Amino acid sequence: MTRPRVLVVDDEVDIRQLVAIKLRKEGFDVLTAENGRQALETALGEAPDLVLLDIALPDVDGLEVCRRIRARLGARAPRIAFLSARGQESDRAAGLAAGGDDYIVKPFRPAELVVRVRGLLDHGIASGERR
Amino acid sequence: MGNEKRASTGQSIGGFLSRSFVGLFLLLSVGMVVNLWALHQMRERHRQVAASALELTLGRYRLLTAMTDQDTGLRSFLLTGSERGLDPMVRGRDAFTAELQRLDTLGPRIVTPDVREQVERQRIAAQRWMLEAADPLVQARRESAAAANDLAGRLPLAELFEEFRAVNQAFATWIAERRRREAAETDRDAQLLVGAVVALSLLLIVGWAVVLWQLKRRVRRPLATLVAAAEAVRAGKRSIAIDLPYCDEFAVMAASLEAMVSAIRRQEAELNSEMRHRDTILEHMAEGLAVAEPDGRIVLLNPAAIYLLGVDEAPDPHEAAAAVLSRLVACDPHDEPEIGQARVSELGDRSLSIISSPVPAGEGLDLGIVHVIRDVTDLERIDRMKSEFIALVSHELRTPLTSIRGFTELILDGDAGPVSDEVASYLTTVRANTDRLVSLVNDLLDISRIEAGRVTLKMERLELGGLLREAAGMIQPQLSSRRQRLDLRLPGFLPRLYADRDRLIQVVTNLLSNAHKYSPDESAISLSAEWRDGAVRLSVTDQGIGISPENQRRLFTKFFRADEGEVRKVHGTGLGLAISRALVEMHGGHIEVQSRPGGGSTFTVVLPVVFRVDARPSDEPTTRVPSQRVLVVDGDVAAAALVRRYLEQAGYGAQVAATVQEAVDAIRSGPVDAVVLDLLLPRLAGFEVIDRVREQPGGASMPIILASIRGDQALGVRLGVVDVLAKPLSEPHLRLAARGALDDATSRKVLVVGADAATRALVSITLRDDGCEPLPVADLLRGAELARSWGPDAIVLDLSVPGPRGEEVVERLQSDPATRDVPLIVFSPGDRRSLHDLYPLSRADLKTGAEPLDGLIAHVRQALGSAAVAGERR
């Protein structure tokens with residue numbers, strides 16, 4: 001089985017780097033994007049298994065990116081997890097409503113992130129098989 | 001003002017009247033006394049005159065008789081010469097002398113000088129007759145008859161006698177004359193007396209007339225003046241000076257009238273200024289104020305409201321405002337729950353906050369509405385800005401924190417190669433402080449959202465035990481790091497509560513975390529819960545450093561940190577307790593602290609156990625069968641009418657009973673499917689109604705909804721009613737309660753029998769939470785009867801209070817075909833085996849009291865489940 005491909009979208013280069021370093025160490029294939037448009041292009045073009053999506057992006061916000069990915073790819077869409085500094089209940093609700101599979105609040109522990117990512121991918125594969 | 005002047009110039013009418021009365025009375029008395037005295041005198045004199053006339057007439061007559069006797073004696077002696085013939089003369093002379101003496105002794109009142117003179121004349125006349133005629137003749141006769149004859153021819157015997165007779169006659173005439181004169185005098189006196197009486201009467205009449213005239217003068221004029229003054233006041237005059245001539249009662253009255261008017265003037269002035277004040281406030285306040293009558297007509301509309309509602313151009317602002325308001329606020333004046341809630345409506349480019357509160361418009365149930373309208377456009381904008389700011393700050397702070405913490409972790413995890421112990425220890429410090437910053441940001445966000453009222457609780461029915469275990473589990477790693485021990489003490493039964501699960505966990509973990517921070521290593525912390533006084537009390541107790549009394553007061557203020565050196569070493573934001581308190585208060589509860597320095601602390605979260613209808617009524621149309629009838633028992637006719645209206649609007653038939661007897665009659669005479677009862681019937685007959693209803697045929701299972709000031713569900717359970725609503729009743733709650741009560745046919749009926757009220761309440765509440773319909777009964781035999789008549793789906797029999805009939809009832813239930821198949825759960829503190837021995841073949845499920853109550857509930861559930869299966873099979 002090929003290495004799972006994760007797209008990390010964040011306008012903050014530090015965060016992108018942090019996530020990318022950690023995930024690569026854990027054996028994931030990591031792509032990055034720093035804004036909504038790039039994220040959309042990469043998600044559609046590179047077919048990642050998981051998108052870690054920041055909400056506050058400079059051009060198209062993460063919720064919109066999520067909706068567009070879902071709209072374009074439908075059942076073939078990757079798992080999408082939001083990675084946001086907005087931690088209120090309403091923010092989580094909005095994220096999940098936009099089609100997110102998970103909502104991870106910053107600041108997160110890298111180790112915890114890895115666990116969540118693995119969980120998402122396992123789940124995704126399982127549900128993908130069911131589909 | 002004029003009091004002093006009047007005081008010097010007059011007297012009171014009362015004084016005048018009493019003086020007049022006294023004067024006239026004295027006059028009358030003196031007159032009467034004088035008159036009576038005069039009358040008495042007159043009578044006395046009359047009597048004396050009469051007596052004296054009698055005596056004198058008698059005297060004159062006796063003198064005359066005595067003289068006649070003498071004369072007769074003399075003449076007979078002269079004729080006969082016999083000495084015996086002289087006897088009458090001697091007797092007459094003696095009689096004469098005696099009479100003279102008698103007259104002399106009559107006293108000066110009769111024998112006046114006039115009388116004496118008259119008597120003297122008699123005596124002289126008699127003496128002359130005696131000395132000049134009688135005695136010489138007697139002398140002569142003794143010598144010889146001839147000499148006597150001779151002498152008789154010379155002596156004027158007869159003349160002298162006639163002379164005496166004349167004098168005597170004159171005396172009689174004098175007496176008569178005097179008598180006449182005195183009679184005339186008496187007549188004159190009588191006339192005088194009559195005159196005096198007449199004069200006295202006249203005097204009295206005149207006196208009375210004077211008094212009356214004076215009285216009239218002193219009453220009519222002041223009265224007219226006072227009436228005129230009062231009229232002037234009525235007409236609106238507020239400054240009067242009443243000038244009265246006397247200082248009397250009217251003057252006092254006038255003075256108090258003047259004082260009253262000036263008081264009225266002052267009060268009116270105050271009122272006016274108050275009203276002007278209020279009008280000014282109303283006119284100048286930034287909030288719009290509109291007061292609507294029940295029919296929607298606007299009766300008060302201030303300029304701000306006219307402006308805010310955008311009706312300043314309208315020809316009739318009131319009407320236009322009513323239209324706008326009815327569009328913006330669909331507030332039924334009879335609807336109560338919206339009191340004080342602001343709704344924000346958009347009107348053009350403006351955001352308006354409208355608080356509409358129903359207020360009694362007058363007597364009865366007519367409710368008007370007061371709308372307070374505020375322009376919150378700016379507030380909304382600021383609020384949005386604040387939210388954006390908070391979101392921004394949280395984002396801007398969290399992003400760098402994410403990097404710092406993430407990279408620190410990467411290094412610590414060894415992702416960047418091996419880490420020396422020293423580096424690891426430094427990085428651990430970095431990570432710990434990053435965590436502090438993160439929690440500070442979180443707390444700040446929390447508190448700002450709570451303060452902005454932007455936190456809404458997601459209320460759900462919670463099972464507390466699990467929640468507390470979860471909170472304990474979350475804090476466990478922290479405790480383990482310092483080898484602190486957590487004792488979780490949960491009672492066998494805890495009612496479920498309505499609360500926000502996450503928030504409640506947040507509060508409990510905050511308290512636990514505080515206990516952890518301020519307690520020494522290896523100490524014990526306890527987390528306990530109890531149910532007491534209608535509230536659940538969650539306590540966190542530590543053996544830590546404690547809190548001084550003055551710090552206890554400031555404990556819940558934001559950013560408060562105890563200043564003691566010991567405490568300063570502990571990391572914290574100072575926001576945790578403020579947040580916890582705010583969250584608990586949002587739940588309607590409060591936090592109590594018990595602590596003393598060095599003696600540990602106990603923080604207790606007190607949460608009311610709120611029983612209430614889960615949700616607002618759904619909008620589904622009511623498909624009510626109108627045959628379902630609800631009896632409203634309420635002593636307050638107006639309240640009953642309102643409840644009846646609510647029920648009828650909900651599609652029920654409703655009838656009202658105001659007394660116990662009316663209620664009983666209504667249940668007897670017609671089909672009644674449920675009863676809504678206000679406990680505050682006159683003379684506290686509410687409880688009696690329940691008993692009487694239960695006595696009626698079909699009354700035992702009659703659903704009763706209780707309206708009570710406190711809305712105390714535990715009370716309801718004790719009374720065996722299906723629901724307790726807090727007063728004032730709101731329509732949605734009433735509708736839900738009625739629906740619940742009447743549709744309960746599908747819910748499981750559980751008879752809860754037992755002498756112990758607390759157990760009955762506990763079991764009943766728990767069963768109700770489970771969707772059962774419990775019927776608590778205290779008396780065992782009554783319970784056995786209800787087991788037959790009510791037809792329960794299960795029976796819980798509490799024998800924890802031992803009584804003589806427990807076993808008898810078990811036997812009865814088990815032997816009666818009607819109840820034999822009903823699952824029976826016996827709750828007993830006694831020896832399990834003894835009951836088993838007693839009823840080896842019974843299907844009774846025996847529980848001992850030592851086991852927690854929720855075990856019992858599980859048994860009930862199980863029993864009901866099996867009963868359902870059995871029922872299906874049947």
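**Stop one: a helix in chain B**

Select helix 18 of chain B and look at the face turned away from its buried side: the exposed residues there are B:Arg668 and B:Ser669. (Exposed means over 50% relative accessible area, buried under 20%, with a 1.4 Å probe and protein chains only; helices are DSSP runs of H or I, at least four residues, numbered from the N terminus.) Now pick B:Val660, B:Ala663, B:Val664, B:Ala666 and B:Ile667, which are buried in this helix, residues 660-669. Look down the axis of helix 18 of chain B: the buried residues fall within an arc of 160 degrees, so they line one face. That arc is taken from the directions from the helix axis to the C-beta atoms.

A word on the ground rules: this is a predicted model, where local features need pLDDT of at least 70, side-chain atom pairs count only at pLDDT 80 or more, and totals for chains, interfaces and linings use all residues. Residues are numbered from 1 along each chain as its sequence is written, chains are lettered from A and ligands numbered from 1 in the order written, and side-chain values use heavy atoms, leaving out hydrogens and water.

**Stop two: where A meets B**

Next, show the contact (heavy atoms within 4.5 Å): 22 residues come from chain A and 21 residues from chain B.

Zoom in on A:Arg109 and B:Asp435, whose side chains form a salt bridge at 3.9 Å, N to O. The count between the two chains is three salt bridges, each a side-chain nitrogen of Lys or Arg within 4 Å of a carboxyl oxygen of Asp or Glu.

Technical notes. Helix = DSSP H or I, 4+ residues; strand = E, 2+ residues; numbered from the N terminus.
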